Amino acid sequence: MTGHTEHLDRFRKEREHLNNKLLATGHKGIQRFFALDHQAYKDGALPARVKELMGLSASLVLRCDDCITYHVIRCAEEGITQEEFLDAFHIALVVGGSIVIPHVRRAMDRVEEALAGKG
């Protein structure tokens with residue numbers, strides 16, 4: 001792995017490990033919520049790439065760094081360009097205000113990692 005994607009690689013591994021641990025409890029409500037979340041981002045009237053950008057913007061406004069990192073990864077997998085990321089950041093800033101700026105800064109760092117990992 002390149003040094004450019006170390007944070008994202010660690011994030012993916014930890015997320016997968018912790019999700020598996022949580023789902024292994026067998027709690028039906030948690031399992032159903034995870035399934036609902038997964039289904040929400042599939043292609044529908046809106047394509048998955050648009051839904052992931054929506055998730056990213058919402059996560060920025062809600063200031064959830066784990067969610068931001070997850071959606072940056074998914075957006076990159078869906079082929080989102082740097083210009084499209086920047087438009088989503090702009091929307092999040094307009095909706096969320098200046099308190100979102102630190103999260104946009106970190107998101108930009110993750111975007112650079114994600115896009116470098118694709119190259």
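**Exercise 1. Determine whether Arg 110 is buried or exposed, and identify what it touches.**

Step 1. In this predicted model, Arg 110 has a relative accessible area of 13%. Buried means under 20%, so Arg 110 is classed as buried.

Step 2. Arg 110 is located in helix H6, which covers residues 101-118.

Step 3. Leaving aside residues up to four places away in sequence, Arg 110 touches His 7, Leu 8, Thr 69 and Val 72. His 7 and Leu 8 belong to the H1 side of the contact between H1 and H4, and Thr 69 to the H4 side. Val 72 is placed in helix H4.

**Exercise 2. Check the span of helix H6 against expectation, and list its buried residues.**

Step 1. H6 has 18 residues, which at 1.5 Å a residue should span 26 Å. The end C-alpha atoms are 26 Å apart, in agreement with that value.

Step 2. The buried residues of H6 are His 103, Val 104, Ala 107, Met 108, Arg 110, Val 111, Glu 113 and Ala 114.

Step 3. An α-helix has 3.6 residues a turn, so residues three or four places apart point the same way. The spacing of the listed positions may be read with this in mind.

Step 4. The cover over these buried residues includes H1, helix H3 (48-62), H4 and helix H5 (82-96).

**Exercise 3. Carry out the corresponding analysis for helix H4.**

Step 1. H4 has 13 residues and reaches 18 Å from its first C-alpha to its last, close to the 18 Å expected at 1.5 Å a residue.

Step 2. Its buried residues are Ile 68, Thr 69, His 71, Val 72, Ile 73, Arg 74, Cys 75 and Ala 76. They pack against H1, H3, H5 and H6.

Step 3. Consider Ile 68, which has a relative accessible area of 2% and is therefore buried. Leaving aside residues up to four places away in sequence, Ile 68 touches Leu 56, Ser 59, Leu 60, His 103 and Ala 107. The C-alpha atoms of Ile 68 and Ala 114 are separated by 12 Å, although these residues are 46 apart along the chain.

Step 4. Consider next Val 72, which counts as buried at 0% relative accessibility. With the same exclusion of residues up to four places away, Val 72 touches Leu 56, Phe 85, Ala 107, Arg 110, Val 111 and Ala 114.

**Exercise 4. Which residues have the most contacts inside the largest nonpolar core, and which elements give two or more residues to this core?**

Step 1. The largest nonpolar core has 21 residues. Leu 56, Leu 60, Val 72, Phe 85 and Phe 89 have the most contacts inside it.

Step 2. H1, H3, H4, H5 and H6 each give two or more residues to this core.

**Exercise 5. Describe how H1 packs with H4 and with H2.**

Step 1. The axes of H1 (residues 6-23) and H4 (residues 65-77) come within 11 Å and cross at roughly 110 degrees. The two helices are therefore roughly perpendicular to each other.

Step 2. H1 contributes His 7, Leu 8, Phe 11, Arg 12 and Arg 15 to this contact, and H4 contributes Asp 66, Thr 69, Tyr 70, Ile 73 and Glu 77. By class, the contact has four nonpolar, two polar and four charged residues.

Step 3. H1 and helix H2 (residues 28-40) pack at about 135 degrees, with axes 9 Å apart. H1 is therefore oblique to H2.

Step 4. This second contact is made by Asn 19, Leu 22 and Leu 23 of H1 and Ile 30, Gln 31 and Phe 34 of H2. Its residues comprise four nonpolar, two polar and no charged ones.

Key: Residues numbered from 1 in each chain as written. Predicted model: local features only at pLDDT ≥ 70, side-chain atom pairs only at ≥ 80, totals over all residues. Heavy atoms only, no water. Axes fitted to C-alpha atoms, helices over the stretch in contact; angles between N-to-C directions. Helix = DSSP H or I, 4+ residues; strand = E, 2+ residues; numbered from the N terminus. Parallel < 35°, antiparallel > 145°, perpendicular 65-115°, else oblique. Contact = heavy atoms within 4.5 Å. Nonpolar A, V, L, I, M, F, W, Y, C, P; charged D, E, K, R; others polar. Expected span 1.5 Å × (residues − 1). Buried < 20%, exposed > 50% of the residue type's maximum accessible area, 1.4 Å probe, protein only. Core = buried A, V, L, I, M, F, W, Y, C linked by side-chain atoms within 4.5 Å.
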